[in-house]
Amino acid sequence: MIYVVKSFREDKDTSGNLNPPLSEEGVEFGKKLKLRNNAINFDKCYTSFKLKDFGSALILVGDKLIVERTHSLDNNEKEVITVFIKSLPQDKSILVVASDEVISIIKNNFNCMELK
């Protein structure tokens, strides 16, 4: 099963940083989401190279898994995202943390569950 999560709120006060980290509000939301979904044991976790995506994933899996970063989730190219998702093992519980646009592409093209 593929589980998807939209990355948490980014810090808006980073002086024009194009790759901002999570805001404190985003961190708090992530902690609550982790508690709500604590019963799910993920086998793998994938995210983009964006700080907010990677930070969101780390909050959710902690030190249980290595968060694997992939450029396939860095942009909104449907074909690249589709090829990546199709390459994932079907018999594992996989967490994908990415931007709203990437998650929308995954949700519209694959059987998955969004964690909220």
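**Figure 1. Pairing of strands β1 and β5 in the predicted model.** Strands β1 and β5 run parallel and are joined by three bridges. Within this pairing, I2 stands opposite C112 of β5. The model shown here and in the following views is predicted. Helix α4, formed by residues 100–109, lies across β1, β4 (94–98) and β5. The direction of α4 makes an angle of about 150 degrees with β1.

**Figure 2. The open five-stranded sheet.** Five strands, in the order β3-β2-β4-β1-β5, form an open sheet with parallel pairing. Strands β3 (67–69) and β5 are the edge strands, each of them pairing on one side only. On average, and with direction ignored, neighbouring strands of this sheet are turned by 25 degrees against each other.

**Figure 3. Strand β4 and its two neighbours.** Strand β4 is largely enclosed by the rest of the structure, because five of its five residues are buried. Burial extends to both faces of β4: I94, V96 and A98 are buried on one side, and L95 and V97 are buried on the other. The parallel pairing of β4 with β1 comprises five bridges, and V4 stands opposite V96 of β4. The parallel pairing of β4 with β2 comprises four bridges; here C45 has L95 of β4 as its bridge partner.

**Figure 4. Helix α2 and its surroundings.** Helix α2 is mostly covered, with eight of its 11 residues buried. The buried residues of α2 are K52, D53, G55, S56, A57, I59, L60 and V61. They pack against helix α1 and against strands β1, β2 (44–47), β3 and β4. After α2 comes G62, which has a positive phi near 55 degrees.

Figure 5. The structure contains six salt bridges, including the one between the side chains of K6 and E114, with an N to O distance of 4.0 Å. K6 belongs to strand β1 (residues 2–6) and E114 to strand β5 (residues 112–114), so this pair ties together parts that are 108 residues apart in sequence. The side chain of K107 also meets that of E114 in a salt bridge, with an N to O distance of 2.6 Å. K107 is partly exposed, at a relative accessible area of 37%. Through shared partners, the salt bridges join K6, K107 and E114 into one network. K6 is likewise partly exposed, and its relative accessible area is 32%.

**Figure 6. The salt bridge between K52 and E10.** The side chains of K52 and E10 form a salt bridge with an N to O distance of 3.1 Å. K52 is located in helix α2 (residues 51–61), whereas E10 is located in the loop between β1 and α1 (24–36), so the contact ties together parts that are 42 residues apart in sequence. E10 is partly exposed, with a relative accessible area of 22%, whereas K52 is among the buried residues of α2.

**Figure 7. The aromatic pair of Y3 and F42.** Three aromatic pairs are found in the whole structure. One of them, formed by Y3 and F42, is edge-to-face, with 5.5 Å centre to centre and 80 degrees between the planes. Y3 lies in strand β1 and F42 in the loop between α1 and β2, so the pair ties together parts that are 39 residues apart in sequence. Y3 counts as buried at 13% relative accessibility, and F42 is buried with a relative accessible area of 15%.

**Figure 8. The aromatic pair of Y46 and F84.** The ring centres of Y46 and F84 are 5.3 Å apart and the ring planes stand at 80 degrees, so this pair is edge-to-face. Y46 in strand β2 and F84 in helix α3 (residues 78–86) are 38 residues apart, and their pairing links distant parts of the chain. Y46 is buried, its relative accessible area being 9%. F84 is also buried, with a relative accessible area of 11%.

**Figure 9. A charge over an aromatic ring.** R69 places its charged end over the ring of F54, at 4.0 Å from the ring centre.

How values were computed:
Residues numbered from 1 in each chain as written. Predicted model: local features only at pLDDT ≥ 70, side-chain atom pairs only at ≥ 80, totals over all residues. Heavy atoms only, no water. Buried < 20%, exposed > 50% of the residue type's maximum accessible area, 1.4 Å probe, protein only. Pairing = 2+ DSSP bridges. Axes fitted to C-alpha atoms, helices over the stretch in contact; angles between N-to-C directions. Contact = heavy atoms within 4.5 Å. Phe/Tyr/Trp six-rings, centres within 6.5 Å; stacked < 30°, edge-to-face > 60°. Lys NZ or Arg CZ within 6 Å of the ring centre and 35° of its normal.
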